[in-house]
Amino acid sequence: MVQLTDDCFAFDGGLIPVETALERVQARLAAVTGVETVPLDAALGRTLAEPVVAGMDVPPHDNSAVDGWAVYVDDIAGEGETRLPVGGRVAAGERLARPQRRGETIRIFTGAPMPAGPDGSPGPDTVFMQEDCRVDGETVVFPAGIRRGANRRFAGEDVKTGATILRAGRRLGPPDIGLAASVGLTALPVRTALRVAVFSTGDEVREPGDARGPAAIYDSNRYTLKGLLRSLGCVVTDLGILPDDREAIRAALVEAAAGHDALITSGGVSTGEEDHVRAAVESEGRLDAWRLAIKPGRPVALGVVRGTAFLGLPGNPVAVVVTFLHVARPVLLTLAGTAVHAPQRFPVTAAFGYRKKPGRREYVRVRLEPVPGGMPVAHRVGNEGAGILSSLVAADGLVELADDTLGVSEGDTAAYLPFSEVMR
């Protein structure tokens, strides 16, 4: 485990725009995970540690893209029909035993190598689809008008030898695994999974299923965070619920820091006399509270406990999700060695009005209504309170209102951020 410096999150005070915060993360943090080589079947969802360079062309030879008939296009008349004798047959995985002569056609199947030409000359250059032709005894009748090179795949058309086909930092999806297999690889170097410990604090917090007194609440944030972390490929350790006791919290943090790459919690980092997380973190490292210009949300506590990153998120359930997506997620991806890309926003028509103060980015929970042939319409979902977790369940994503705007009016075009862009 690579240890972080205590001041890796230290910056000047004041409200920080979201983009500025992310730029600072990228500039001051590096991957803390190791590297291991795993079989292709175990690489899905892992982060590639080194670039992958192709050692061969894909496809390795010119081949047919369809079931049909290989011809020299110059043998096909410009008008009317052309009749050519059948000179042979070649299937995928085979090669024609001889060159294809001019003035004949060869029956060819999808993926089969294109025949060679006589005496080292270029071979047939075009393939007719079988449904476009008519077989008549030992000959085939071809229509006019086909384009030279139709239905023919070229060697290296997909991948060229020496090309970088996958870049380091990429989180591997099914097509990536398939591409690696297509150049003959059986294993890939990947980052070890980021190990993250999650805990909640509070004498009022209860585990779901346990008895709950009249002044207690069930712990939802810890379960939300565990799901969000696992969606990033993290290995999660659930430390459960810690009491409002500074020494108990300090001891739990120290023990977790020794075997994890990051620690994350929600709530308990403000200045209240029952908020012991802040004091516990500062007794074993450093805590820097970032005041992000974002709503829902409030200061996000970033710090280090004995060389391990600490992320303290707000206590309100919606604020937890929003600040995780915009702050914790890029921090954790950077620590994991995964490339961080800005999520795509999409234009939608707002079906609501919303006023805000300038100088702060705000997110409105919305449900999207598709419009045939037009721009989707975003409908505001339920109560906008930062504690209304059910509103996130009902929403498809967030409408993002920029720092310098005063809001949005019904009918305006707005920037829509689907959850699918940031919850993966």
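**Exercises on strands, rings and helices**

R89 stands opposite R107 in β7. The model is predicted, so local features need pLDDT of at least 70 and side-chain atom pairs count only at pLDDT 80 or more, whereas totals for chains, interfaces and linings use all residues. Residues are numbered from 1 along each chain as its sequence is written, and side-chain values use heavy atoms, with hydrogens and water left out.

**Exercise 1.** Determine in which sense β6 pairs with β7 and with β10.

*Solution.*
1. Strand β6 spans residues 82–90 and β7 residues 105–108; strands (E, at least two residues) and helices (H or I, at least four) are DSSP runs, numbered from the N terminus.
2. β6 and β7 pair in the parallel sense over four bridges, where pairing requires that DSSP finds at least two bridges between the strands.
3. With β10, β6 pairs in the antiparallel sense, over four bridges; there R83 has V141 as its bridge partner.

**Exercise 2.** Identify the aromatic pair and classify its geometry.

*Solution.*
1. The structure holds one aromatic pair (rings of Phe, Tyr or Trp, the last by its six-membered ring, with centres within 6.5 Å; planes under 30 degrees apart are stacked, over 60 edge-to-face, the rest tilted).
2. The rings of F128 and F142 have centres 4.8 Å apart and planes at 45°, so the pair is tilted.
3. F128 belongs to β8 (residues 126–129) and F142 to β10 (residues 139–142), so that the pair links distant parts of the chain, 14 residues apart.
4. Both F128 and F142 are buried (under 20% relative accessible area; exposed is over 50%, partly exposed in between; 1.4 Å probe, protein chains only).

**Exercise 3.** Locate the charges that sit over rings.

*Solution.*
1. The criterion is NZ of Lys or CZ of Arg within 6 Å of the ring centre and within 35 degrees of the ring normal.
2. R107 lies over the face of W69, 5.2 Å from the ring centre.
3. The charged end of K226 sits over the ring of Y223, at 4.1 Å from its centre.

**Exercise 4.** Explain why the buried residues of α5 line one face of the helix.

*Solution.*
1. In α5 (residues 277–284), V277, A280, V281 and E284 are buried.
2. Down the helix axis these residues fall within an arc of 95°, so they line one face; the arc is that of the directions from the axis to the C-beta atoms.
3. An α-helix has 3.6 residues a turn, so residues three or four places apart point the same way.
4. The elements packing against this buried set include β14 (195–201) and α4 (246–257), contact being heavy atoms within 4.5 Å.
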